[in-house]
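Hi everyone, thanks for coming.

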Amino acid sequence: RLVAPRYIPLWERMLDVVGAGPGMRLLDAGCGSGGASAIAVRRGAIVTGVDLSDQMIAVCREKPELIGCTFEVASQHVAGAELAGAQFLRRLGLLER
């Protein structure tokens, strides 16, 4: 599944901080394998995930718990204006290997 269990409490706390819940539009920037996205979906959020890795996006798209979410490979030159209207979930410094 490629989700490191040690990150789950951190993702839970981050989602608490942004108030992730039913109907909230949430952008998971640097979504990796979708661990934080899956937690947000369970809370009722509408998730869009982006990652620079097409391999990680493929993993997200295959997870049954993420059906209905949108996952896209991001360009390194994505303009900030294209992301307006979403709540941002940033997982800085968390790399899955």
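Let's start with the strands: S1 (residues 25–29) and S2 (residues 46–51) run parallel as a pair, joined over 5 bridges. Two strands pair if DSSP finds at least two bridges between them. Helices (H or I, at least four residues) and strands (E, at least two) are DSSP runs, numbered from the N terminus. Before going on: this is a predicted model, where local features need pLDDT of at least 70 and side-chain atom pairs count only at pLDDT 80 or more, while totals for chains, interfaces and linings use all residues. Residues are numbered from 1 along each chain as its sequence is written, and side-chain values use heavy atoms, with hydrogens and water left out.

Back to the pair: Arg25 has Ile46 in S2 as its bridge partner.

Now to the loop between helix H1 (8–18) and S1, where we find Gly21. Is Gly21 buried or exposed? Gly21 counts as buried because its relative accessibility is 10%, and buried means under 20% relative accessible area (1.4 Å probe, protein chains only). Beyond its neighbours within four places in sequence, Gly21 is in contact (heavy atoms within 4.5 Å) with Arg43, Gly44 and Ala45. Arg42 is 21 residues away along the chain, and its C-alpha atom is 8.6 Å from that of Gly21.

Finally, Ala40. Setting aside neighbours within four places in sequence, Ala40 is in contact with Leu15, Leu26, Ala45 and Val47.

Terms used
Buried means under 20% relative accessible area, exposed over 50%, partly exposed in between (1.4 Å probe, protein chains only).
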